[in-house]
There are 4 protein chains.
Amino acid sequence: MQQIYQECIDECLRCMQACNHCYDACLKEDDINMMANCIRLDRECSDICSFSAEAMARNSPFISEICELCANVCEACGKECEKHNHEHCQECAKACFRCAEVCRKMVA
Amino acid sequence: MQQIYQECIDECLRCMQACNHCYDACLKEDDINMMANCIRLDRECSDICSFSAEAMARNSPFISEICELCANVCEACGKECEKHNHEHCQECAKACFRCAEVCRKMVA
Amino acid sequence: MQQIYQECIDECLRCMQACNHCYDACLKEDDINMMANCIRLDRECSDICSFSAEAMARNSPFISEICELCANVCEACGKECEKHNHEHCQECAKACFRCAEVCRKMVA
Amino acid sequence: MQQIYQECIDECLRCMQACNHCYDACLKEDDINMMANCIRLDRECSDICSFSAEAMARNSPFISEICELCANVCEACGKECEKHNHEHCQECAKACFRCAEVCRKMVA
């Protein structure tokens, strides 16, 4: 049972790490005023990715709804991150879009 | 801004506590076989209620979607809890239905 | 059983809200460069407060250790917040110090 | 910076999955009365492992204290799980002890 979720769990946990790394790096940038929305979305995204991974791992009855929410948050975070040239933002955007895609596949 | 969420935050946090109390009490019942689904849903519900309360408190851009998910989980948990005569289950069911109602009002 | 934790749960949940409110408000300040550490600690503190409240509500076997960690994080967050004149920071500092005190009392 | 935490993040996330899988499987056993403590500790452990992984990924200032708590919870969960012959319990015990060991190494 759990195996069918494994790819999605893995992407959520990769995305959680990328978002938290981006969040930490944004808070250390010289000018963080322009990173405010990125910091905010990184937190939103890492938290829902972590929540989704736990939900799948415990075989929650609400996996579809949780993964749909997760996909939406990942897409919003990816769109914000890809606007910024910092490597941590570009890496994070990639992880977000990949995670959103796998979550959508799971829901379908 | 935050004040418009206060009623919903309060209900989510009350429901989180009722669900966790019910979870703890279920695990101490003499026959917990029939409480398995209640234990499972109590955890699901307390975790999403806690997540929703934090999301509202930080003015998340995803409050509507999160509260809709929260309402669905609360209703499922309330329906399971109200089947059982234990006081902790009946109390929990009430908290779940109240929280679901306030979450739905917020989303609308 | 749960009642002996109620005061501590209440303070943790108040502090969680104050920290998340301060975090949101910091991200909207004109100059957020000087708020970077406050943003970071607000998130640390709201997350451990939320975690502690859930742990107490479910009668976790690790309440003492969790509340000790929570007290330490609250104190660090309070010390950072009290440096800033914004009302949200001053309010947050008060909530942090109050929560730290109640957590310490619980552990003792 | 983040790389030095990677081994510990990886173990925490593996342990989070093993604990949640064990929790789900325990709730499906024929006689779950004897699994009550295992269910309880699986949840405690998966939640602190998830919390610790996020904390490390965001370069939290409280990593040492969080990982020390995590190690204690992992050990308690591992000791409970290893008492039961179910494969999911034995697998979970191994993941818990490995995670505890890596967390202790990180703290030292």
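Predicted model: local features only at pLDDT ≥ 70, side-chain atom pairs only at ≥ 80, totals over all residues.
Is C:E54 buried or exposed? With a relative accessible area of 8%, C:E54 is buried.

Side chains of opposite charge can pair when their charged atoms come close. Over all chains, the count of salt bridges comes to 52. One of them is formed by C:E54 and D:R43, whose closest N and O atoms are 3.1 Å apart. Because C:E54 sits in helix 2 of chain C and D:R43 in helix 2 of chain D, this pair joins two chains. D:R43 has a relative accessibility of 0%, so this arginine counts as buried.

There is also a salt bridge between C:R43 and D:E54, again with the closest N and O atoms 3.1 Å apart. This pair crosses between chains too, running from helix 2 (residues 36-57) of chain C to helix 2 of chain D. Both C:R43 and D:E54 are buried.

A further bridge involves chain B: the side chains of B:R43 and D:D47 meet at 3.2 Å, N to O. Here the crossing goes from helix 2 (residues 36-57) of chain B to helix 2 of chain D. B:R43 is buried at a relative accessible area of 0%, and D:D47 counts as buried at 10% relative accessibility.

| Salt bridge | N to O distance |
|---|---|
| C:E54 and D:R43 | 3.1 Å |
| C:R43 and D:E54 | 3.1 Å |
| B:R43 and D:D47 | 3.2 Å |

## Chains A and D as copies

Two copies of a chain are related by a rotation about an axis and a shift along it. Chain A is superposed on chain D by a rotation of 180° with 0.0 Å of shift along its axis, at an RMSD of 0.0 Å. The two copies are therefore related as by a two-fold rotation axis. Which residue of chain A comes closest to the rotation axis? It is A:S50, with its C-alpha at 3.5 Å.

## Asparagine 59 in two chains

Now for a backbone detail. A:N59 has a phi near 60°, a positive value in a residue other than glycine. A:N59 belongs to the loop between helix 2 and helix 3 (63-81) of chain A, and at a relative accessible area of 15% this asparagine is buried.

In chain D, the phi of D:N59 is likewise positive and near 60°. D:N59 is found in the loop between helix 2 (36-57) and helix 3 (63-81) of chain D. Its relative accessible area is 14%, and D:N59 is buried.

## A buried cysteine in chain D

D:C22 lies in helix 1 (residues 6-26) of chain D. With a relative accessible area of 0%, D:C22 is buried. How many residues apart along the chain are D:C22 and D:H88? They are 66 residues apart, while their C-alpha atoms are separated by 5.2 Å.

## A negative patch on the surface

Finally, we turn to the outside. A:D30, A:D31, C:D30 and C:D31 gather on the surface in a patch of negative charge. One of these, A:D30, lies in the loop between helix 1 (3-26) and helix 2 (36-57) of chain A. Is A:D30 buried or exposed? A:D30 counts as exposed, because its relative accessibility is 74%, over the 50% that the term requires.

Notes. Residues numbered from 1 in each chain as written. Chains lettered and ligands numbered in written order. Heavy atoms only, no water. Patch = residues over 30% accessible without salt bridge, like charges linked within 9 Å, V, L, I, M, F, W, Y side chains within 5 Å. Areas by Shrake-Rupley, 256 points an atom, 1.4 Å probe, with all protein chains shown as cover. Salt bridge = Lys/Arg side-chain N within 4 Å of Asp/Glu carboxyl O. Lys, Arg positive; Asp, Glu negative; His and termini not counted. Charge placed at Lys NZ, Arg CZ, Asp CG, Glu CD. Helix = DSSP H or I, 4+ residues; strand = E, 2+ residues; numbered from the N terminus. Buried < 20%, exposed > 50% of the residue type's maximum accessible area, 1.4 Å probe, protein only. Least-squares fit on C-alpha atoms with pLDDT ≥ 70 in both.
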